[in-house]
Amino acid sequence: MRTRIVAIDPVRPEAGRIALAAGIIKKGGLVAFPTETVYGIGANAFDPKACLKIFRAKGRPADNPLIVHISSIAQLRSVAVSVPRDIERVLGVLWPGPVTFVFKKSSRVAKEATAGLDSVAVRMPAHPIALRLIEASGVPIAAPSANTSSRPSPTDARHVIHDLNGKVDMIIDGGPALFGIESTVIDATKKPYTLLRPGAFTLEELRKYIGEITAPSEHDASRPRAPGMKYRHYAPRKRLVVVEGRSLLIKAAGIARGRKVAVLCSDELARQLGRGATSIRLGSERNMYEITRNLFGALRSLDRTKAEIGLIQSFPKSGIGFALMDRITRASGSAPLSSEKALRKVLEQRSK
Ligand code: TXA
Ligand code: MG
C-alpha cells in the first residue's frame with residue numbers, strides 16, 4: 001500500500017488536509033495522527049473491518065482492546081453507556097486531556113475495537129489535529145499508539161514512518177508530541193476506580209477531581225491490569241538495564257568504557273560521566289516532563305548506536321516519575337541493578 005505522508009500545522013490545522021484524512025477514515029482506511037501524548041493509528045470505531053486493519057498493521061494481539069477517541073462530550077453517548085455521575089461532572093475539566101476512562105460499551109462501537117470486551121476505553125485528545133480529524137470524520141476514532149506492537153510508542157512522525165510506512169493510508173506529520181508518554185487509563189466501570197496504566201495525567205492530580213483511585217502496589221505490578229499491559233512493551237531491540245543510584249551509574253560508565261555500552265541519563269548525570277562514555281541524554285532533571293518526553297525517542301536512538309547494551313538511570317516515582325518508571329521498567333524487562341557486583345556481571349558477560 002502506498003502511504004501518503006502529509007504535514008499539517010499542529011496549531012492551526014489546514015482544513016483541506018484534514019478533510020483528506022477524514023475522507024480516508026470515512027471510507028474505512030487507516031490514518032496515523034498526532035495527539036498530545038503519542039501518535040495514534042486511527043480507524044472508524046463503528047466499522048469492524050476498519051478496526052481489524054489496525055491490528056494487522058501493528059501486529060497487535062487480537063485480545064488487546066483499542067482506545068476510542070472522541071471530539072466532544074456529546075459524542076461520549078454514542079460510545080459509552082452508564083457513565084458514573086461523579087466522573088461525568090468533571091469530564092469538562094479533564095477533557096480534552098491525557099486521561100482515558102473505561103466505561104460500559106455502547107453497542108455501536110465495533111466489538112473488534114474492544115477485543116470483544118463489554119467495556120470501552122475512551123478519551124478526548126488535547127491536540128488540534130486529532131480533534132479536527134475526529135470532527136471532520138463525523139465518527140469516533142479507535143486508535144492505539146502508532147508503533148509496531150511491543151516497540152516504543154512514537155513521539156514523532158519519523159517514528160511512525162519507520163514502523164508503519166506502507167501499512168497505513170496516511171501518516172500526518174504534526175511535529176513532536178507534547179507529553180511523549182501515553183494517557184493514564186482508569187477503570188471507571190466499578191468503584192473504587194482503579195488505575196490500569198499510569199500515564200501523562202498524574203495520579204496526584206486526578207485524585208483531586210475524582211477522589212479515590214486504587215493503584216497497583218509494587219508487589220502486584222507484574223499482574224497485568226489492562227489487557228495490553230501483559231505484553232512486553234516499549235522495548236528497544238538492545239538489552240536495557242536499569243541502574244539504581246547515581247553513583248552506581250557513574251561507576252558503571254567507568255567500567256563500561258571501551259565496551260559496547262550506552263548510558264541513557266539526564267543532562268546533569270551525563271556531565272558527570274567520564275570522557276569516552278557514550279551517553280544518550282534524556283534532558284534536565286529540573287523538568288521531569290522533559291525527561292519523560294524524550295524517553296521513547298532515546299530508546300529508539302539506542303537501537304541505532306553500536307552499543308549492545310543500554311544502561312538507564314532510575315528516577316524518583318512521584319508525579320510524572322511514576323509513569324516514567326513504569327515505562328522504563330517495562331522496556332527493560334529485567335530487574336534493576338543495585339550493586340556493583342551485579343553490574344560487573346552483566347557488563348562482563350556481554351559486550352566484551
Ligand atoms: O495516549 C494514549 O492513550 C495513546 C493515544 C494514541 O491516544 N493511545 C494508546 O493506546 O496508548 P494503546 O492501544 O497503545 O493503549 C491502550 C491501553 C492498552 O493497555 C489496552 O489494553 C487498554 O488501554 N484498554 C483499552 N481498552 C480497554 C478496556 N476496555 N478495558 C481495559 N483496558 C483497556
Ligand atoms: Mg501502545
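Predicted model: local features only at pLDDT ≥ 70, side-chain atom pairs only at ≥ 80, totals over all residues.
Hi everyone, let's start in a loop: P192 sits between strand β10 (184-187) and strand β11 (193-197).

P96 belongs to the loop that runs between α4 and β6 (99-105). One more backbone item for those of you who like torsions: A115 is not a glycine, yet its phi is positive, about 55°. You'll find A115 in the loop between β6 and β7 (119-123). For context, most residues other than glycine have a negative phi, and most peptide bonds are trans.

Now let's zoom out. How is the protein divided? There is a domain 1, covering 4-214, and a domain 2, covering 239-351. Their C-alpha centres are 30 Å apart. Across the boundary, 24 residues of domain 1 are in contact with 16 residues of domain 2.

As for the interface itself, the size of an interface is often given as the accessible area lost when the parts come together. Here the area buried between domain 1 and domain 2 comes to about 1,500 Å², and carbon and sulfur atoms give 59% of it. Which residues of domain 1 lose the most area to domain 2? They are P152, I181 and P198, which together account for 32% of what the domain 1 side buries.

There is charge at that boundary too: 3 salt bridges are counted between domain 1 and domain 2. As a reminder, side chains of opposite charge can pair when their charged atoms come close. One salt bridge in the model brings together the side chains of D163 and R300, at 3.0 Å from N to O.

Over the whole structure, the search finds 19 salt bridges. Another of them pairs E88 with R77, whose closest N and O atoms are 3.6 Å apart. E88 is in helix α4 (residues 85-94) and R77 is in helix α3 (residues 73-79), so this pair ties together parts that are 11 residues apart in sequence.

Last stop, a helix pair. Helix α8 (residues 246-256) and helix α12 (residues 340-349) have axes that come within 11 Å and cross at roughly 30°. The crossing of α8 past α12 is right-handed. On the α8 side, the contact is made by L248, K251, A252, I255 and A256, while α12 brings E340, L343, R344 and L347. What is the make-up of that contact? Its residues divide into 6 nonpolar and 3 charged, with no polar ones.

That's my tour, and I'm happy to go back to any part of it!

Key
Residues numbered from 1 in each chain as written. Chains lettered and ligands numbered in written order. Heavy atoms only, no water. Axes fitted to C-alpha atoms, helices over the stretch in contact; angles between N-to-C directions. Helix = DSSP H or I, 4+ residues; strand = E, 2+ residues; numbered from the N terminus. Left-handed = near helix turned anticlockwise from the far one by under 90°. Contact = heavy atoms within 4.5 Å. Nonpolar A, V, L, I, M, F, W, Y, C, P; charged D, E, K, R; others polar. Domains from an automatic or database assignment. Buried area = accessible area lost by both parts, 1.4 Å probe. Salt bridge = Lys/Arg side-chain N within 4 Å of Asp/Glu carboxyl O.
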